[in-house]
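This briefing is meant to be read beside the sequence and the 3D view. Please keep both open while going through the points below.

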Amino acid sequence: RQRRSGRVGPGIGQTKTARANAIANLVYDALRAAVDVHLNVSGLKITGKDQHQISVEYAHAELTNIFNTDDLEIYDELRLVGNRVVEYPPIGNFMPPTKDEAARYLASAHRFVAAIDTWWRAAQ
């Protein structure tokens with residue numbers, strides 16, 4: 001697709017909020033994938049209803065030796081943010097993630113992925 005102007009910036013419908021939402025969703029996917037690595041190596045798989053909540057509960061119950069408590073809390077927080085942003089339209093008093101929250105989520109993803117990578121290398 002060809003751009004009509006040389007200006008770089010948000011396109012139609014793209015705002016700082018939309019970018020913060022996208023970061024929150026991508027980070028949640030990364031955290032969930034990291035937990036899935038542990039599940040799969042352990043011979044487990046979560047399927048069916050409430051699989052996202054069960055994944056968070058599994059992480060809190062089984063992975064506190066790999067991930068720090070703050071990052072596990074962010075994982076749970078992002079599950080709830082994802083429900084409000086992606087699964088269900090924002091209603092009521094819902095406030096989408098701020099730019100600062102998105103940055104905090106991204107930092108958590110870096111730690112989370114690095115921790116599962118360290119665990120994976122040690123497990124081999």
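Helices here are DSSP runs of H or I with at least four residues, strands are runs of E with at least two, and both are numbered from the N terminus. The model is a predicted one, in which local features need pLDDT of at least 70 and side-chain atom pairs count only at pLDDT 80 or more, while totals for chains, interfaces and linings use all residues. Residues are numbered from 1 along each chain as its sequence is written, and side-chain values use heavy atoms, with hydrogens and water left out.

**Overall make-up**

- The protein chain contains 4 helices and 0 strands, and its elements follow the order α-α-α-α from the N terminus on.
- Of the 124 residues in the protein chain, 30% count as buried, where buried means under 20% relative accessible area, exposed means over 50%, and partly exposed lies in between, using a 1.4 Å probe and protein chains only.
- The protein chain has an accessible surface of about 8500 Å², and 53% of this belongs to carbon and sulfur atoms; the areas come from the Shrake-Rupley method with a 1.4 Å probe, and for residues only the protein chains shown count as cover.
- When contacts in the protein chain between residues at least 6 apart in sequence are considered, 70% of them join residues at least 24 apart, a contact being heavy atoms within 4.5 Å.

- In helix 4, the buried residues are A102, Y105, S108, A109, F112, A115 and I116.
- Helix 2 (residues 51–62) has 12 residues and should span 16 Å at 1.5 Å a residue, which agrees with the 16 Å between its end C-alpha atoms.
- The residues S55, V56, Y58 and A59 of helix 2 are buried, and, seen down the axis of helix 2, its buried residues fall within an arc of 160°, so they line one face of the helix; the arc is that of the directions from the helix axis to the C-beta atoms.

- R32 lies in helix 1 (residues 16–41), and it is buried yet has no salt bridge, with D36, the nearest side chain of opposite charge, 4.8 Å away.

**Two loop residues**

- D50 sits in the loop between helix 1 and helix 2 and is partly exposed, with a relative accessible area of 43%.
- The phi of D50 is near 65°, a positive value in a residue other than glycine; most residues other than glycine have a negative phi.
- N68 is found in the loop between helix 2 and helix 3 (69–87), and it is partly exposed at a relative accessible area of 36%.
- The C-alpha atoms of N68 and S108 are separated by 9.6 Å, although the two residues are 40 apart along the chain, and S108 belongs to the buried residues of helix 4.

**Salt bridges**

- The whole structure holds 4 salt bridges, each defined as a side-chain nitrogen of Lys or Arg within 4 Å of a carboxyl oxygen of Asp or Glu.
- The side chains of E77 and R104 form one of them, at 2.9 Å from N to O, and this pair links distant parts of the chain, with E77 in helix 3 and R104 in helix 4, 27 residues apart.
- E77 is partly exposed at 26% relative accessibility, and R104 is also partly exposed, with a relative accessible area of 36%.
- R79 and D76 meet in a salt bridge at 3.3 Å from N to O, and both lie in helix 3, 3 residues apart, about one turn of the helix.
- In that pair R79 counts as buried at 15% relative accessibility, whereas D76 counts as partly exposed at 22%.
- R121 and D117 meet in a salt bridge at 3.0 Å from N to O, and both lie in helix 4, 4 residues apart, about one turn of the helix.
- R121 counts as exposed at 58% relative accessibility, while D117 counts as partly exposed at 32%.

Note on methods:
Expected span 1.5 Å × (residues − 1). Lys, Arg positive; Asp, Glu negative; His and termini not counted.
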